[in-house]
Amino acid sequence: MRSGTVKRTTNETDIQLTFVIDGEGKTSLETGVPFLTHMLDLFAKHGQFDLFIDAKGDIEIDDHHTTEDIGICLGQALREALGDKKGIKRYGNAFVPMDDALAQVVIDLSNRPHFEFRGEFPSEKVGTFDVELVHEFLWKLALEARMNLHVIVHYGRNTHHMIEAVFKALGRALDEATMVDPRIKGVPSTKGML
């Protein structure tokens with residue numbers, strides 16, 4: 001079973017996270033950030049990943065440090081779970097509609113971190129959650145997982161729906177990219193390594 005576990009303790013957060021690629025969509029999420037918890041639950045369910053998070057952070061200040069550090073930990077755990085990447089498909093692409101919204105996520109597990117985001121959310125908050133933290137989370141995930149991550153929100157009117165479509169598409173695209181293809185011998189690169 002491909003899995004990774006990360007523990008990260010700083011003056012701002014204390015996080016233990018386990019990520020299982022070959023899972024069943026099981027989650028146990030204690031983040032202290034309810035909207036992020038909801039999005040991570042969707043991500044895991046739609047990617048068929050198991051995800052376990054116990055996070056304590058300085059949410060009395062705001063949700064920034066906790067959200068950012070969970071992104072860091074998830075990226076590191078994903079990288080650990082992928083190991084040498086032999087036999088994986090490497091690329092993933094998913095379009096997900098959510099009522100009025102349509103999001104697309106494209107992934108290359110290339111060992112070259114890059115993040116592109118296209119789209120604008122109509123509101124700055126969903127409940128108490130600062131919408132700008134979606135970008136922060138995704139960028140840190142891409143950086144620590146060392147992957148190309150392109151996120152396009154094609155359209156939408158409801159910010160909650162738009163972000164939800166992003167996280168569902170993220171799960172589905174990552175599921176595709178991490179799948180093992182028996183036709184692939186070694187790593188899927190002409191370089192001979194990723």
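Modeller: Helices (H or I, at least four residues) and strands (E, at least two) are DSSP runs, numbered from the N terminus. One of the strands, S1, covers residues 3–9 and contains Thr-9. This is a predicted model in which local features need pLDDT of at least 70 and side-chain atom pairs count only at pLDDT 80 or more, while totals for chains, interfaces and linings use all residues. Residues are numbered from 1 along each chain as its sequence is written, and side-chain values use heavy atoms, with hydrogens and water left out.

Let us begin with the whole chain. There are four helices and 10 strands, and they follow the order β-β-β-α-β-α-β-β-β-β-β-α-β-α along the sequence. Along the principal axes, the C-alpha atoms fill a box of roughly 50 × 40 × 30 Å. Of the 194 residues, 54% count as buried (under 20% relative accessible area; exposed is over 50%, partly exposed is in between, with a 1.4 Å probe and protein chains only).

Now to the space inside. A cavity is a set of points on a 1 Å grid over the protein atoms alone where a 1.4 Å probe fits but cannot get out; a pocket is an open set with protein on both sides within 12 Å along at least five of seven lines; lining residues have an atom within 4 Å of a point. Points join across faces, edges and corners, and volume is the space filled by probe spheres set on them.

The structure holds one cavity of 30 Å³ or more, and the volume of the largest cavity is about 30 Å³. Look for its lining at Phe-35, Leu-36, Met-39, Thr-67, Phe-129, Leu-133, Val-134, Phe-137 and Phe-167. Helix H1 (34–47) and helix H3 (132–145) each supply at least two residues of that lining. By class, the cavity lining has eight nonpolar residues, one polar and no charged (Ala, Val, Leu, Ile, Met, Phe, Trp, Tyr, Cys and Pro are nonpolar, Asp, Glu, Lys and Arg charged, the others, Gly among them, polar).

The largest pocket holds about 150 Å³ of space. Around it you will find Phe-117, Phe-121, Ser-123, Glu-124, Asp-130, Val-131, Glu-132, Val-134 and His-135. H3 gives the most to this lining, with three residues. Here the classes are four nonpolar, two polar and three charged.

For a sense of distance, go back to Thr-9. Thr-9 counts as exposed because its relative accessibility is 53%.

Asp-99 sits in the loop between strand S5 (91–98) and strand S6 (101–108). With a relative accessibility of 64%, Asp-99 counts as exposed, and its phi is near 55°, a positive value in a residue other than glycine. Arg-146 is in the loop between H3 and strand S10 (148–155). Its phi is also positive, at about 55°, although Arg-146 is not a glycine. At 29% relative accessibility, Arg-146 counts as partly exposed.
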